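Student: Could you help me learn to read a structure that is new to me?
Tutor: Gladly; let us look together.

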Amino acid sequence: MSGTTVGQWARWGYIRSSQSDGDPRVYSVEDIAEAAVVSELIGRGVRHGDVHKAVECLPGYGPWPLSDAPLSTLADGGRPRLVLHERDGVYELTPRGWQRVATPVEVEHVRGRLHRTPSLGG
């Protein structure tokens, strides 16, 4: 993804620039990991509006909600939908917010692409 795309996503509210909101915007590694999740969701066909709604509906997950929330996508022949895994159940993002799913669903998990590798020395 390009720097222009990351900047647009920050302006649209999908991600934030936690280091600086002025010009130029300065992004942390966590901000870019959040952008990677946005890219993955959009690449799977999730609507831009649903990505924005998810950010708004995940305030309990801190400053990087898409990276920190246990999200999946559900594709049952139509456009992929967002799913959230909580201790008390699985929730699908609907126009009214997160709604608990009554029946088990097959999902594809979303993960950030930044992974810490084990140190070689110890």
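Student: Which residue in strand 2 does Leu74 stand opposite?
Tutor: Leu74 stands opposite Arg81. This is a predicted model, where local features need pLDDT of at least 70, side-chain atom pairs count only at pLDDT 80 or more, and totals for chains, interfaces and linings use all residues. Residues are numbered from 1 along each chain as its sequence is written, and side-chain values use heavy atoms, leaving out hydrogens and water.

Student: How do I read strands and their pairing?
Tutor: Strands are DSSP runs of E, at least two residues, numbered from the N terminus; two strands pair if DSSP finds at least two bridges between them. Here, strand 1 (residues 71-74) and strand 2 (residues 81-86) pair in the antiparallel sense over four bridges.

Student: In what order do the five strands form the open sheet?
Tutor: The order is 4-3-2-1-5, with antiparallel pairing. Strand 4 (97-100) and strand 5 (108-109) are the edge strands, each pairing on one side only.

Student: What joins strand 2 to strand 3?
Tutor: A hairpin does, through two residues. In strand 3, Val90 is the bridge partner of His85.

Student: Why is strand 3 largely enclosed by the rest of the structure?
Tutor: Buried means under 20% relative accessible area, exposed over 50%, and partly exposed in between (1.4 Å probe, protein chains only). Strand 3 is largely enclosed because five of its six residues are buried.

Student: Is Tyr14 buried or exposed?
Tutor: Tyr14 counts as buried, at 7% relative accessibility, while Trp12, at 44%, counts as partly exposed.
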